[in-house]
Amino acid sequence: MSNQDPAGALFKQVLIRGSILIAAIALIGGLVGYLVAAAAGLTSALIGAALALVFVSLTALSVAIGGRLPLGAFFGIVLGGWILKLVGFVLVIGMLKGADFINGPVLFFTLVASILGTLAIDSVAVLKARLPLGRD
Amino acid sequence: MDVTNIAELTGNLAVVGYGLAAVGPGVGVGLVVSKTIESIARQPELAAKLQVTMWLGIAFTEALALIGLATPFIFA
């Protein structure tokens with residue numbers, strides 16, 4: 001861990017570990033999905049894992065980038081990013097819903113497993129982190 | 001006596017569910033951010049630590065929003 005930017009190192013660690021976990025969930029979900037619903041199951045698991053990776057990583061990135069800026073900009077980036085992300089998520093869900101190449105339950109459970117898994121990684125990383133009290 | 005329908009609601013009830021899925025996390029994130037601002041105002045030297053803790057709070061409430069908004073895939 002770098003001594004120069006402990007918060008940056010924390011977010012880097014969280015993003016790398018989260019990506020590895022989501023890749024593993026995509027692999028297992030893809031296999032189970034393929035057994036349950038053939039090609040549609042495989043596609044759904046990969047899309048679910050990719051959605052979770054993008055939307056969970058964007059939160060960490062927004063805090064990591066915003067943390068280097070003044071306080072007002074920090075809240076603007078984190079909260080503005082949150083709203084844009086959720087609107088984007090609703091649009092993606094609207095487009096995917098009812099598509100032929102999607103198996104709903106496989107996509108949903110892959111997404112939920114990925115989100116819960118990354119939450120666990122985030123929590124452990126923050127609890128173990130040694131952050132300085134001062135701000136640069 | 002005949003029953004007269006004086007008011008009728010039509011549409012998909014799931015839409016109300018999506019709304020509720022947005023309201024809960026919205027209130028949650030609002031509380032997390034307001035308390036973080038309050039805490040930073042009280043102790044500005046803790047800002048970096050509070051920002052990271054705030055991210056964890058936002059991540060949890062966001063998970064609720066994402067799960068809630070993805071429910072059409074299983075309840076449709």
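Tutor: Let's start with a term: a residue is buried under 20% relative accessible area, exposed over 50% and partly exposed in between (1.4 Å probe, protein chains only). Bear in mind that this is a predicted model, where local features need pLDDT of at least 70, side-chain atom pairs count only at pLDDT 80 or more, and totals for chains, interfaces and linings use all residues. Residues are numbered from 1 along each chain as its sequence is written, chains are lettered from A and ligands numbered from 1 in the order written, and side-chain values use heavy atoms, leaving out hydrogens and water.

Our part is helix α1 of chain A, residues 6-66 (a helix is a DSSP run of H or I, at least four residues, numbered from the N terminus). Find Ala38(A) in that helix. Its phi is near 50 degrees, a positive value in a residue that isn't glycine. Ala38(A) counts as partly exposed because its relative accessibility is 42%. Now look at Tyr34(A), also in α1 of chain A. Tyr34(A) is partly exposed too, since its relative accessible area is 49%.

A cavity is a set of points on a 1 Å grid over the protein atoms alone where a 1.4 Å probe fits but cannot get out, and lining residues have an atom within 4 Å of a point. That rule gives two cavities of 30 Å³ or more.

The largest cavity holds about 80 Å³ of space, and our helix matters to its lining: α1(A) gives the most, with nine residues. Among the lining residues are Val14(A), Leu15(A), Gly18(A), Ser19(A), Ile22(A), Leu53(A) and Ala60(A). Helix α3 (104-128) of chain A also supplies at least two, and Trp55(B) joins in from chain B. By type, this lining divides into seven nonpolar, four polar and one charged (Ala, Val, Leu, Ile, Met, Phe, Trp, Tyr, Cys and Pro count as nonpolar, Asp, Glu, Lys and Arg as charged, the others as polar).

The second largest cavity has a volume of about 50 Å³. Its lining includes Val56(A) and Thr59(A), along with Ile115(A), Leu119(A), Ala59(B), Glu62(B), Ala63(B) and Leu66(B). Here α1 and α3 of chain A, together with α2 (47-70) of chain B, each supply at least two residues. This lining has six nonpolar, two polar and two charged residues.

Methods. 1 Å grid on protein atoms, 1.4 Å probe; cavity = no way out; pocket = protein on both sides within 12 Å on 5 of 7 lines; lining within 4 Å. Points joined across faces, edges and corners; volume = space filled by probe spheres on them.
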